[in-house]
Amino acid sequence: ARTIPVIMALAPGIFREYDVRGVAGRDLTEEAAYLVGRGYAAFIREQGVTSGAGGALRPTRTPTGSCR
């Protein structure tokens, strides 16, 4: 799979030693959260880590009402 670089400005200071913090909608937008998750997934994939999810269905609500 080919990786396409994405350049996006993230709010300065959102990354802490053990977590990501900020104000929803200002520092942490839906796009920022999606890209941070994609970056983390790429990192753990490079480390050879795999993960899975259970099959339980849980209601999910996003600000746009959709899921990616």
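Where in the chain is Gly22 found? Gly22 belongs to the segment before helix 1, and several of the points below concern that segment.

1. Basis of the note. This is a predicted model, in which local features need pLDDT of at least 70 and side-chain atom pairs count only at pLDDT 80 or more, while totals for chains, interfaces and linings use all residues. Residues are numbered from 1 along each chain as its sequence is written, and side-chain values use heavy atoms, with hydrogens and water left out.

2. Overall composition. The secondary structure consists of 1 helix and 0 strands. Helices (H or I, at least four residues) and strands (E, at least two) are DSSP runs, numbered from the N terminus. The protein has 68 residues, of which 7% are buried. In this note, buried means under 20% relative accessible area, exposed means over 50%, and partly exposed lies in between (1.4 Å probe, protein chains only). The accessible surface comes to about 6,400 Å², and carbon and sulfur atoms account for 55% of that surface. Such areas come from the Shrake-Rupley method with a 1.4 Å probe; for residues, only the protein chains shown count as cover.

3. Helix 1. This helix contains 17 residues and spans 25 Å from its first C-alpha to its last, close to the expected 24 Å at 1.5 Å a residue. The expected span is 1.5 Å times one less than the number of residues. An α-helix has 3.6 residues a turn, so residues three or four places apart point the same way. Just after helix 1, Gly48 adopts a positive phi of about 80°.

4. Salt bridges. The structure holds 2 salt bridges, a term that requires a side-chain nitrogen of Lys or Arg within 4 Å of a carboxyl oxygen of Asp or Glu. One of them joins the side chains of Arg21 and Asp19 at 2.8 Å, N to O. Arg21 is partly exposed because its relative accessibility is 48%, and Asp19 is also described as partly exposed because its value is 30%. Another joins the side chains of Asp27 and Arg26 at 2.9 Å, N to O. Is Arg26 buried or exposed? With a relative accessibility of 57%, Arg26 counts as exposed.

5. Asp27. This residue is located in the segment before helix 1. Asp27 counts as buried because its relative accessibility is 17%. Its side chain makes a polar contact of 2.9 Å with the side chain of Arg26. A polar contact is a pair of N or O atoms within 3.5 Å; within protein, one must be able to donate a hydrogen and the other to accept it, and residues adjacent in sequence count only if both atoms are side-chain atoms. Apart from neighbours within four places in sequence, Asp27 is in contact (heavy atoms within 4.5 Å) with Ala11, Ile14 and Gly22.

6. Leu28 and Gly22. Leu28 also lies in the segment before helix 1 and is partly exposed at 28% relative accessibility. Which residues does Leu28 touch, not counting those up to four places away in sequence? They are Ile14, Val20, Arg21, Gly22 and Val23. Leu28 and Ala11 are 17 residues apart in sequence, and their C-alpha atoms are 7.7 Å apart in space. Gly22 is partly exposed at 38% and, with neighbours within four places left aside, is in contact with Asp27 and Leu28.

7. The nonpolar surface patch. Leu10, Phe15 and Val20 form a nonpolar patch on the surface, with about 250 Å² of accessible area together. Patches are made of residues with over 30% relative accessible area and no salt bridge: like charges are joined within 9 Å, and nonpolar side chains (Val, Leu, Ile, Met, Phe, Trp, Tyr) within 5 Å. Phe15 lies in the segment before helix 1 (30-46) and is partly exposed, with a relative accessible area of 48%. Leu10 is found in the segment before helix 1 and is partly exposed at 34%. Not counting residues up to four places away in sequence, Leu10 touches Phe15, Ala32 and Val36. The C-alpha atoms of Leu10 and Thr29 are separated by 9.2 Å, with the two residues 19 apart along the chain.
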